[in-house]
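Here is my note on this model. Please read it with the structure open.

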Amino acid sequence: IEGVLVAMHAVGAERGYIGVKARFDRELRRLVEARDACIDAGWPRAAEVRIVPGPDEYLFGEESALLEVIEGKLPLPRIVPPYQTGLFATMTQSNPTVVNNVETLAHVAQILREGAAWFREVGTAEAAGTMVFTVLGDVARAGVHELALGTSLRTLLEDIAGATDIQAVYSGTSNTVITPDLLDLPMDFDSFAEAGTGLGSGGFAVYDTSRDIVQVTAALARFLAVESCGQCLACKLGTTEIFERLDSLLRGEGTATDIEEIRKRTLTVPDQNRCYLPVGPALLVRSPVAEFADAFEAP
């Protein structure tokens, strides 16, 4: 809440909004209580912060779809970015809007209080501070951990979460698969990008060697197909076809043609995309098809 108030002051915003899924009732309640406590304490403009419950759809987290929900609409991504056409825009007032992740704004209050040098005491020269990382899947201790940026992925997955016999790791559903040879990567955005993958929002799903990688890929591809809003034909048709062809492979009915068509679709699925969702199957599916070719081509 404090970070939002600082951001409102910095950019001269009339109001601030925090979007959270309605089913997260505990988190929603705590946000409202914190905002109301700020109002009671007399914090300037705290009453101008709105807590907005939203739908469970994946795209609620996309910045322009978030604006749509705040305006009382469905979570459908816009063509024009928020910094050009923002909340409650009209023909004469574009109302450019700043959108940030909650984690970014949560750092603001402490940085202002303690100073930039304090924040840079941990992390790396290029990626200062800490980040919240989530680990789930085939691990002994699934959980959420705040660690210094630059901490190795192996430290998080093996030492903290207790993962063993790792076959594949996914950083969210919009990045390339991470194989065991990359476990010593420092967890910062530049290092992951240089390795050809992405850090995303710091959420990792771990799969050990007992898993069928084709089944894992199909499950993730299905999620993206279901969550497509359908506004972009390449995404709507491409994500569905990718999943259906993966499903054919799982049923033992697939052929080499299916694998080739999956590869082709991963190249075209992001065509004219309004949001980042179709980039997911482009990276998430194409990479395991290449890295685990034997599994996909097995009879």
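The points below cover the basis of the model, the cysteines, a serine and an alanine.

1. This is a predicted model: local features need pLDDT of at least 70, side-chain atom pairs count only at pLDDT 80 or more, and totals for chains, interfaces and linings use all residues. Residues are numbered from 1 along each chain as its sequence is written, and side-chain values use heavy atoms, with hydrogens and water left out.

2. A disulfide here is a pair of cysteine sulfur atoms within 2.5 Å. The count by this rule is zero. Cys235 is in no disulfide; its nearest cysteine sulfur belongs to Cys232, 6.3 Å away. Cys275 has its closest cysteine sulfur in Cys229, at 6.1 Å, which is too far for a bond.

3. Buried means under 20% relative accessible area, exposed over 50%, and partly exposed in between (1.4 Å probe, protein chains only). Cys235 is buried at 6%. Cys275 is buried too, at 11%.

4. Ser64 sits in helix α3, residues 63–70. Helices are DSSP runs (H or I, at least four residues), numbered from the N terminus. Ser64 is buried, with a relative accessible area of 3%. Contact means heavy atoms within 4.5 Å. Leaving aside residues up to four places away in sequence, Ser64 touches Pro77, Arg78 and Pro82. The Ser64 side chain also reaches the backbone nitrogen of Arg78 at 2.9 Å.

5. Ala116 belongs to helix α5, residues 116–119. At 48% relative accessibility, Ala116 is partly exposed. Ala116 and Leu182 are 66 residues apart in sequence. In space they are 31 Å apart, C-alpha to C-alpha.

Conventions. Helices (H or I, at least four residues) and strands (E, at least two) are DSSP runs, numbered from the N terminus. A polar contact is a pair of N or O atoms within 3.5 Å; within protein, one must be able to donate a hydrogen and the other to accept it, and residues adjacent in sequence count only if both atoms are side-chain atoms.
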